[in-house]
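Let's take a walk through this structure together, one piece at a time.

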Amino acid sequence: MSDARANRCPVTVIGGFLGSGKTTLLRRVLADEGSKGIAVVINEFGEVALDHHLVRQVGEQTVLVSGGCVCCNRRDDLVRVMRDLLDLDERGPIRKLRRVLIETSGLADPAPILFTLVTDPVLQHHFFVDGIVATVDAVNGQLQLDLHEESRKQATVADQLVLTKVDMAEPDELEKLVHRLRTINPMARITSAVFGELAGGRLFGDGASPSSLREGWGSGLSAEPERELYKANSSSPPTETRSLCLRLDQPLDWVAFTIWLSMLLHARGEDVLRVKGLINAREVGAVVLNGVQHVLHPPEHLERWPAEDESSRLVFITRKLDPQSIVRSLNAFQCLGGGQPVDANVSN
Amino acid sequence: MSRAEEVKSALCVLCGQLVTELHWAERRFDAGATGGLGTELGRRRDRFHRTRIVKQVLEHYGLQFDDDWSATSYVLANRKGASELVQNLGQLWPAAQRMAGRPLDPLDPGLLCALEAKQKGQGAA
């Protein structure tokens, strides 16, 4: 287990647009996983349809931190509830807490939840975000993605997309939706569920390894899907959201990279909707990178590489940013560090 | 296991400055080998490298950047004599933007042209 995760409780954030089946999925997952030691935090507008003794409701009260942007909001209600859970866990009234599930409201932005868990001085030492799941309605998903920014944001920041109501959707419509979701978020694992029952795979990992390493993350960045992705972007209606997949064969200068990334997220964080990657920083193992807008999880320095392929892989999902200028800028900073220009295999 | 993770807080015995949290950019994997990147020697090496790179970037905005004598903070200054201590990259960019009086953007074509020209100049020399 990575040291950054040791002795900390995994948190899974379950989001998805209104009526997309979050609660159904949650009920089924709790039944399958065995609910002992799992706490569920739901929003105040959600139905309390869970027969579960550790359900806590939050009011989604966000506090704009000084100089903060939309993503850098602290969720005070969430802080109170999570500290309450921690207190119950440590005082002993509940069985050992082994996971917290946070079900967001259908219109919620997951970024402030991450910001809260990563930056709160107490919570950051007791919890870590193990993954973000978003449910997508297979019947109405396209329309929701067309009409609602919230829906696109939820799909963009998710580690796993669960298509619900797939039994009611036409096969060709389903295929188009999957294609669109892959365009929006090429790094997310896409699964499906009928009445909350997942078809293959599990919603959670063991909490020991980053969600990005489970199910062979990175294998989706082979050349073929990238070309498909490019085609999809070229033929679909103009959208401000674009994804950029980079594969770098030579190791990166880690110091130059962190200077560049911190400057980029400071200046353009609101437009870098998601950044995720495995970095070869000339260390013994990979460095796992995972960020949502201005909020970057502390990168995990692993003891080894998850596979034989030791090339760096980076995915950016951006809004209004030119992918070529990102590559040019990364190159300029790497050269400042004394390195060679990165030989980037780019698809956007 | 990353030893850098163990360093949650430290107090500088000379200036009494409390370093409460290691910034993510300063963490490194270290298997315990002497001179490894996660050791004090590695940390100093990274700081020196970081200072050299940031200095070149901030030059474009008329700012100066140096490591302080204790290697716990960085000194940011402008040509008018104003200076400020920053602990890490997280504090650097907002402070530098304030001091420069304009946004600091790594995608700014003007900055990239300047950095690329600098690189070409170094290559030619």
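Predicted model: local features only at pLDDT ≥ 70, side-chain atom pairs only at ≥ 80, totals over all residues.

Chain A has 348 residues, and 59% of them count as buried. How far apart in sequence are the residues that touch one another in chain A? If you take the contacts between residues at least 6 apart in sequence, 75% of them join residues at least 24 apart.

For a look at a covered piece, find helix α3 of chain A, which runs over residues 111-119. Eight of its nine residues are buried. Among them are I113(A), L114(A), F115(A) and L117(A).

Now try helix α6 of chain A, residues 171-184, where K176(A) and E173(A) sit three residues apart, or about one turn of the helix. Their side chains form a salt bridge, with the closest N and O atoms 3.7 Å apart.

Most residues other than glycine have a negative phi, and most peptide bonds are trans. R282(A), though, has a positive phi of about 60° without being a glycine. You'll find R282(A) in the loop between β12 (272-279) and β13 (287-292) of chain A. With a relative accessible area of 61%, R282(A) is exposed. K320(A) is another non-glycine residue with a positive phi, of about 65°. K320(A) lies in the loop between β16 (312-319) and α9 of chain A, and its relative accessibility of 57% makes it count as exposed.

Time to move over to chain B. How confident is the predictor here? The mean pLDDT of chain B is 81, and 74% of its residues reach 70 or more. Strand β3 of chain B (residues 63-67) has the highest confidence, at a mean of 96, while strand β1 (residues 10-11) has the lowest, at 56. Be careful with residues 1-8 of chain B as well: the pLDDT there is below 50, although the stretch has 22 contacts in the model beyond near neighbours in sequence.

Chain B has some salt bridges of its own. R28(B) pairs with D46(B), and their closest N and O atoms are 2.9 Å apart. This pair links distant parts of the chain: R28(B) is in the loop between β2 (18-19) and α1 (40-59), D46(B) is in helix α1, and 18 residues separate them. Both R28(B) and D46(B) are buried.

Compare that with D66(B) and K55(B), whose side chains meet in a salt bridge at 3.1 Å, N to O. D66(B) lies in strand β3 and K55(B) in helix α1 of chain B, so the pair ties together parts that are eleven residues apart in sequence. D66(B) counts as partly exposed, at 37% relative accessibility, and K55(B) counts as partly exposed, at 34%.

Finally, bring the two chains together. In the model, 39 residues of chain A are in contact with 36 residues of chain B. The chains bury about 3,300 Å² between them, 68% of it on carbon and sulfur atoms. Which three residues supply more of the area that chain A buries against chain B than any other three? They are M263(A), R328(A) and L336(A), with 21% of that area.

There are polar links too: ten residue pairs are in polar contact between the chains, both at pLDDT 80 or more. The elements of chain A that give two or more residues to the side touching chain B are α8 (254-268) and α9 (323-336). The largest share, 13 residues, comes from α8(A). Three salt bridges also run between chain A and chain B. One of them joins D105(B) to R268(A), with the closest N and O atoms 2.6 Å apart.

Terms used. Residues numbered from 1 in each chain as written. Chains lettered and ligands numbered in written order. Heavy atoms only, no water. Buried < 20%, exposed > 50% of the residue type's maximum accessible area, 1.4 Å probe, protein only. Contact = heavy atoms within 4.5 Å. pLDDT = per-residue confidence, 0-100. Helix = DSSP H or I, 4+ residues; strand = E, 2+ residues; numbered from the N terminus. Buried area = accessible area lost by both parts, 1.4 Å probe. Salt bridge = Lys/Arg side-chain N within 4 Å of Asp/Glu carboxyl O. Polar contact = N/O pair within 3.5 Å; in protein donor to acceptor, adjacent residues only side chain to side chain.
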